[in-house]
Amino acid sequence: MQIKQTNQELNFHNYPTFDKEIDPKQRAWIEVSGKAIESNVRQLRSILNKSCQFMAVVKADGYGHDAKVVSDYAVKGGASHLGVATLKEGIRLRSSGIKTPILILGNLYTKRDLIISFKNDLMPTISSIRECLICNNIGKQFGLRFSLHLKVDTGMSRLGFEFNKLVQQFEKIKSFENIKIEGIYSHLSSADENDALDHKSSTQIQMRKFQQLLKQINFDRTHNIKIHLANSAGMLLNKDFHFDMVRVGLSMYGYSPLAKINKNLSLIPALFLKVKVSFIRTIDQGVGVSYGGKFVSDRKTKLAVLSIGYADGVPRNLSGKIKVIHNNKLYPQVGSITMDQMMVDVTGSNTIKIGSTMILLGFDRDQIISALDWARGSETIPWEILCSFKNRLPRVQVD
Ligand SMILES: *Cc1c(COP(=O)(O)O)cnc(C)c1O
């Protein structure tokens with residue numbers, strides 16, 4: 001960046017005073033490729049039978065990508081349903097004009113919340129007869145049927161009817177005139193474990209339990225109730241897990257939850273994390289960098305200061321463990337990651353300047369840095385990396 005002398009008079013009014021007018025790429029930002037989402041959904045759907053539907057899971061603001069953008073492109077790619085975690089997430093999508101059926105995966109338990117869900121055409125997940133009764137009463141009061149999904153616990157021990165209770169109570173629930181059972185589902189706890197296809201694995205035990213439930217309630221295909229079990233990992237295991245619908249999050253965003261990459265899938269990561277270089281300095285040999293001086297230069301070192309830190313959602317325990325991409329080359333991050341900034345060793349580069357853009361997550365020709373790499377370095381899972389990014393990072397849709 002060059003500083004030019006100009007004689008032109010500066011017009012004060014041309015400069016923003018509102019947050020919205022600030023260039024989203026002024027500091028650090030997330031780029032979201034809608035086309036990548038669309039392509040991933042199409043590819044994943046190609047593994048499914050024609051009659052099997054695809055629920056795009058867009059909870060936690062679309063795993064940090066921007067739920068509205070993800071929803072729009074997932075629907076373009078063929079998603080028939082959307083899944084959110086909370087009432088508010090559902091309402092947000094409805095108020096942005098989305099008409100696709102939406103299932104709330106979390107639990108609503110007050111009459112008020114269930115009325116709001118009904119009013120906004122959101123389907124709740126129901127885990128007890130008590131909630132069924134509330135929904136039936138709401139439906140009755142409005143002279144309509146309240147659409148919902150019943151959930152059964154098959155081994156996750158989170159939400160869902162106890163197996164025996166659902167078996168006992170299903171006929172009664174079916175007889176409620178003002179509710180409409182749109183789906184019956186369960187959730188897998190361990191489908192991403194290596195043993196998931198072994199007969200004795202907890203995934204297979206869950207599967208058999210789910211099938212047993214369907215048998216014991218005399219489940220009748222003609223009822224038009226959708227049966228669903230699989231998350232991304234379950235869907236990629238094999239067709240037995242697909243039933244009438246799959247609920248897919250992680251792999252739609254471009255990552256495989258399984259260690260063994262299967263099929264001929266070439267999923268594309270939809271999220272790029274980018275940042276501007278805000279300052280450049282050169283330090284001598286033997287100089288400490290950042291808090292605690294944990295990194296000490298072993299030679300004269302050119303440092304780029306990047307204006308991003310753990311307050312943006314970059315895990316601090318990745319300090320000194322990550323690299324960034326500039327112009328198809330990798331540069332190591334050095335010293336502790338601070339709240340708002342971090343340093344990168346760019347010795348040897350003549351092209352990196354104040355204002356240069358660096359890629360923290362994403363790819364540039366031969367170089368790729370994935371949320372999986374960060375997850376390994378940070379001893380967590382890619383899901384957590386993706387949904388840790390804070391609102392301080394503007395989301396920019398790139399296509
Ligand atoms: C989050 C979630 C999913 C999606 O899981 P992925 O592993 O990201 O595919 C599916 N079902 C339920 C109930 C969930 O909460």
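Colleague: Which atom does the side chain of Ser-186 reach?
Modeller: In this predicted model, the side chain of Ser-186 comes within 2.7 Å of the backbone oxygen of Val-152. The cut-off for a polar contact is 3.5 Å between N or O atoms, and 2.7 Å falls within that cut-off, so the pair meets the distance condition.

Colleague: Why is Ser-186 called buried?
Modeller: Its relative accessible area is 0%. Buried means under 20%, so Ser-186 qualifies. The residue sits in the loop between strand S7 (179-185) and helix H8 (202-216). Leaving out residues up to four places away in sequence, Ser-186 touches Lys-151, Val-152, Asp-153, Thr-154, Phe-210, His-228, Leu-229 and Arg-247.

Colleague: Happy with that one. Why does Arg-27 count as buried?
Modeller: Arg-27 has 18% relative accessibility. The limit is under 20%, so Arg-27 counts as buried too. Arg-27 is placed in the segment before strand S1 (28-32).

Colleague: What joins the side chains of Arg-27 and Asp-312?
Modeller: A polar contact of 2.7 Å joins them, and the cut-off here is 3.5 Å. Beyond four places away in sequence, the residues that Arg-27 touches include Lys-274, Val-275, Ile-308, Asp-312 and Arg-392.

Colleague: Now for another loop. What makes Tyr-291 exposed?
Modeller: Tyr-291 has a relative accessible area of 62%. Exposed means over 50%, so Tyr-291 belongs in that class. You will find Tyr-291 in the loop between strand S11 (288-289) and strand S12 (295-296).

Colleague: Which residues does Tyr-291 touch, not counting residues up to four places away in sequence?
Modeller: They are Ser-336 and Thr-338. Ser-336 is 45 residues from Tyr-291 along the chain, and their C-alpha atoms are separated by 6.0 Å.

Colleague: Let's turn to the ligand. How many residues surround the ligand, and which are the closest?
Modeller: There are 13, and the closest are Lys-59, Tyr-63, Ser-232, Arg-247 and Leu-250. By type, the shell divides into six nonpolar, four polar and three charged residues.

Colleague: Finally, how far apart do the C-alpha centres of domain 1 and domain 2 lie?
Modeller: They lie 42 Å apart. The domain assignment gives domain 1 as 34-253 and domain 2 as 271-369.

Colleague: What does the secondary structure of the chain come to?
Modeller: It comes to 11 helices and 19 strands. Of the 399 residues, 52% are buried, and the chain exposes about 20200 Å², with carbon and sulfur atoms supplying 49% of it.

Methods
Residues are numbered from 1 along each chain as its sequence is written. This is a predicted model: local features need pLDDT of at least 70, side-chain atom pairs count only at pLDDT 80 or more; totals for chains, interfaces and linings use all residues. Side-chain values use heavy atoms; hydrogens and water are left out. Helices (H or I, at least four residues) and strands (E, at least two) are DSSP runs, numbered from the N terminus. Buried means under 20% relative accessible area, exposed over 50%, partly exposed in between (1.4 Å probe, protein chains only). A polar contact is a pair of N or O atoms within 3.5 Å; within protein, one must be able to donate a hydrogen and the other to accept it, and residues adjacent in sequence count only if both atoms are side-chain atoms. Contact means heavy atoms within 4.5 Å. Domain bounds come from an automatic or database domain assignment. A residue is near a molecule or strand if one of its heavy atoms lies within 4 Å of it. Ala, Val, Leu, Ile, Met, Phe, Trp, Tyr, Cys and Pro count as nonpolar, Asp, Glu, Lys and Arg as charged, and the others, Gly among them, as polar. Accessible areas come from the Shrake-Rupley method with a 1.4 Å probe; for residues, only the protein chains shown count as cover.
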